[in-house]
Amino acid sequence: MKALLFERNLPRFAASRLIAAAGSGKGAGVGPLRLTDVDEPELPGPGWHRVRPLLSGICGSDLALLDGKSSRYFEPLVSFPFVPGHEIVGVVEGGPRDGERVAVEAVLHCAVRGIDPVCPSCATGRTEDCEMIAAGDLPPGLQTGYCAATGGGWSGMLVAHDRQLFGVPEGLDDDAAVMIEPTACALHAATGVIASVAAARLRDAIDDERPSVVAVVGAGTLGLCTIAALNRLRRSPGAPPLTLIVIAKHPHQERLARMLGADRVAPPSELSRAVRRATRTHQIPPAGGAVSVRGTHRLAGGADVIVDCAASPSSFTDALSAVRPRGHVVLVGMPGPARVDLAPLWHREITLSGAYAYGTERLDALFGAWHEAGHEDVQGQAGLTPQDRPRTFALAAEVVADAGLGRLVSARYAIDRFEDAVAHAGSAGRRGAVKIVFDLRRRPGARRTAATRAAAAGSQPGRAAGAPQGDTPRGQGAQL
Amino acid sequence: MSPRPGFVLDVDRSTPPTLFWHGEGFRLEKLPEGSRVVYPPEPHTAIPDPRHAIRQALHHPLGDALPLPEQLRPGMRLTIAFDDVSLPLPPMRRPDVRQLVIEEVLEMAATAGVDDVVLVAALALHRRMTDDELRHALGERVFDAFAPHGLLLQHDAEDPTGVVHLGVTDTGEDVEINKRAAESDLVVYVNINLVAMDGGHKSVATGLASYRSIRHHHNVATMRASRSFMDQHHSELHSSNWRMGRHIAKSGVKIFQIETTLNTDTFPNQFRFLQRREWEWSLKDRASYAAVSRATAAAPERMTRSIFHSIRSPHAMSSVQAGEVEAVHAATTRNVYAQQLVEVDGQTDILTLGLPYICPYNVDSIMNPILVACLGLGYFFNMYRGKPLVREGGVLIMSHPTPWSFHPVHHPSYVDFFEEVLAETTDPVEIEARFEKSYATDPWYVHLYRTSYAYHGVHPFYMWYWCAHALEHLGSVIVVGGNRSAVRRLGFKPASTMADALEMAEDVVGPSPTLTHLHSPPLAMADVR
């Protein structure tokens, strides 16, 4: 079968890094990624399925990999050669779930690796924090798309464990379904944000009427999905009041951010000013200088939480300037090596955390603090019990449907045009696009199930980002 | 020879191109045949001995006021309030008329043995003046005598201990003014009346008031009911100020008002062509125009701005009157009208304006897009008596570069207003309802207003409200040669050339429209019949 294969090849890695300096995604043709014929991956054991990808997205972490900018931290957590692609909607081929349209939970955690008993993280449902991702029946690989044994979405076939498969709800077309994985990442981050806000409001005795200010920096795929997730969560009964600021670089991102629920959208240079306005705090004038409205300023107070979806050293530095003392900075975009002044982190007792992938969510934690403060039993209103740990994918599918996130798919490419696709993804913002995907549906001889045909009919290839999606029926899974 | 009155020129084939201000530059536009150009009267003759005229006014007050020397006595508290940096425009050559007046008042106070004298710059919600600006307005002698001793103050509308609430007017308007002024035995207000809107009760009721008080007349409803605010008797802005002024008087605050008018001799010799009628330009005028145009086109924006803002106007005092507020202001208004009014027969479909580099709120600063809007739709549009120069549903075409640029110190809330508020809506009513309170009470803007040189947080709102009457009246606003993004953010239409603008205007007002150009400088006000 045809697949895009990523090999360990240092000269090509260096070449891609060099060329990527001229622009993300430009080095795909000379880097370690190549289109080749490979054997379909073998089923590693019982409980595994063959999955034929329909659409597979190009993620920011994929771009970092192809640009040669990934952190070396990940080296022991992948196995070469591997087929990238972890944002996947596909169809199960063979076995008891034959023909089922599924989105793939990419994390290769204990249960997937055949490890029993599972690690403490997996035991509590936090499979994204699995401590055994380099052990068990599989070679190292933190996710499908980084593991030599499983294959990945940028090919004609991969294998996935039953625990990884999430049945796509009826009515979600392929564009929407491929957005479930990135939305799950965003939702996982958003649940953390809401929990952090709720806890901080209790801790700091913040007045019920005063909204907490959350700023989302970056309005690419992950940023937009995070906005949608936060907007959905804040509408849940008992959720703390939020003002949602979004930092968007490009006009279409600004428009989409507003459509998805941003209260205020500002360009990157305006983060601290937008936060200052929302929080009504003071600026701190530069030493020996006058107060200025230009550029980034340090604020005396700041946002309660800053969600950094850009994850660059400059966005992180800006976040530290605009978050309040004892505030929270969440890295949602994948960061790399960075040189950053951490003095404000120390001085202002800022909490820095990451938000990686997904698994299950403890929704009671979101509103628990609120509940303890004497408010109504909001969990009960939300139809939740403290024991509920719904799959992030189930919640994400609802957000995708609710917010019409299928509209974020801007362009689809066949894998033999991978250089164009990666270049497009690398310049998506400048080119008015959001999510670029590989379209693997039109492979000659590909078997199409009834579900696939129905979904393909609902999907409209070529539709521009932001085009109306229409009402999408709610899918299966937990309700937010 | 007495100065020639204003007149309306009918443009024909032989009419030379008309000069338009274009920010820190100019445009010469060939207006269509049949257009009208409203030229202001020539500058009135200056008073030959202003100090003598001032003394005369103080000794022979209008209305029921006693001569100033008779109101001064040892042991009294005297507060001299004066108009701030927003007047005159451009700043005048030394000595500033405020200096002349205040020196005379101080001389009389000293003669009467008054020790407790404090000077207060009547900022209202404007930015504080710098020491240099205060020295320029008051003269070195006055500045050095008062400032080092803490006796030269700038009104702080946000100082809770510095303002006092005097109650409410019959219509429920809060009257809250400067405490020092309110508790003085006499307030002498020194005014410069550049346009008919200035002066009268507005001097104290606005210049020395707090936001709590000013908000009663600086709002959309008032501005829409002021037709125009250059015509006191048809201006709700003035009615409100008059109610407050009378309430202040009733509360026992004694005010001795000194109002001055300046002639419209606005620019020094090298810019003299600006106030000549184009067909009368001499060779020297043409050469000056060419030299200035080339220099401004070639120089960096910052340098051009600096050159223009260093202009000191040869304005000269054309009248001075003192005494009871209303009697004084009636005389002042007559003098302003005599200098600026031009009778115009009927309205027009299209009104064109060339907007200069300066307005009351960007002295030594940047004319940001909100100020461009205010200058065009607020000030120039309202330079009428009777009815607007442009008909309802007509088009206003303004020429200005409208840079997306803001002064970082003077206009912090303007940036947020432009980025946050105008990005959402340009409807003054919605803006007032949704955003004003938040900006007016933002602690950071309050801090900057009080301690830095920033306009109050609510000030950009007032600039927008100033446009409210025009926005309601006009069918469209077109800006020629402006930054397209900034113009669109204002809700206006950008045009590259006057020809394009006229074509766009025809889409609104129909074919073969009438066009009138209000020529400036100097200032002119249309008396539309």
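Which residues form a nonpolar patch on the surface? They are A:Leu18, A:Ile19 and A:Val30. Together these three have about 260 Å² of accessible area. This is a predicted model. A:Val30 sits in a loop of chain A, between α1 (10–20) and β2 (33–37). A:Val30 has a relative accessible area of 34%, so it is partly exposed. A patch residue needs over 30% relative accessible area.

From the surface, turn to the spaces inside. Rolling a probe the size of a water molecule over the atoms shows where empty space is left. Five cavities of 30 Å³ or more are counted. The largest cavity holds about 700 Å³ of space. Its lining is made of 46 residues, and B:Ser86, B:Leu87, B:Asp198, B:Pro360 and B:Tyr379 are the closest to its centre. Several elements of chain B each give at least two residues to the lining of the largest cavity: β10 (186–193), α7 (202–207), α14 (369–380) and α18 (459–466). The lining of this cavity has 31 nonpolar residues. Eleven polar and four charged residues complete the lining of the largest cavity.

Next comes an open space. The second largest pocket has a volume of about 520 Å³. Its lining counts 20 residues. Nearest the centre of this pocket lie A:Val213, A:Thr243, A:Arg277, A:Ala278 and A:Thr279. Both chains take part: β9 (242–247) and α9 (271–279) of chain A, and α16 (428–440) of chain B, each supply at least two lining residues. Helix α9(A) gives the largest share, four residues. What classes of residue line the second largest pocket? Ten are charged, six are nonpolar and four are polar.

Side chains of opposite charge can pair when their charged atoms come close. Over all chains, 70 salt bridges are counted. In one of them, A:Arg277 pairs with B:Asp442, with the closest N and O atoms 3.0 Å apart. This pair crosses between chains: B:Asp442 lies in the loop between α16 and α17 (443–451) of chain B, and A:Arg277 in helix α9 of chain A. Are these two residues buried or exposed? Both B:Asp442 and A:Arg277 are buried. They also belong to a network of salt bridges.

Another salt bridge joins two helices of chain B. B:Arg51 and B:Glu103 pair with their closest N and O atoms 2.9 Å apart. B:Arg51 lies in helix α1 (residues 50–59) and B:Glu103 in helix α3 (residues 97–112), so the pair ties together parts that are 52 residues apart in sequence. B:Arg51 has 29% relative accessibility and therefore counts as partly exposed. B:Glu103 is buried, because its relative accessible area is 10%. The cut-off for buried is under 20%.

A:Arg258 pairs with A:Glu254, and their closest N and O atoms are 3.4 Å apart. Where do these two residues lie? Both are in helix α8 (residues 251–260) of chain A. They are four residues apart, about one turn of the helix. A:Arg258 is partly exposed, with a relative accessible area of 28%. A:Glu254, at 31% relative accessibility, is also partly exposed.

Terms used. Residues numbered from 1 in each chain as written. Chains lettered and ligands numbered in written order. Predicted model: local features only at pLDDT ≥ 70, side-chain atom pairs only at ≥ 80, totals over all residues. Heavy atoms only, no water. Patch = residues over 30% accessible without salt bridge, like charges linked within 9 Å, V, L, I, M, F, W, Y side chains within 5 Å. Areas by Shrake-Rupley, 256 points an atom, 1.4 Å probe, with all protein chains shown as cover. Salt bridge = Lys/Arg side-chain N within 4 Å of Asp/Glu carboxyl O. Buried < 20%, exposed > 50% of the residue type's maximum accessible area, 1.4 Å probe, protein only. 1 Å grid on protein atoms, 1.4 Å probe; cavity = no way out; pocket = protein on both sides within 12 Å on 5 of 7 lines; lining within 4 Å. Points joined across faces, edges and corners; volume = space filled by probe spheres on them. Nonpolar A, V, L, I, M, F, W, Y, C, P; charged D, E, K, R; others polar.
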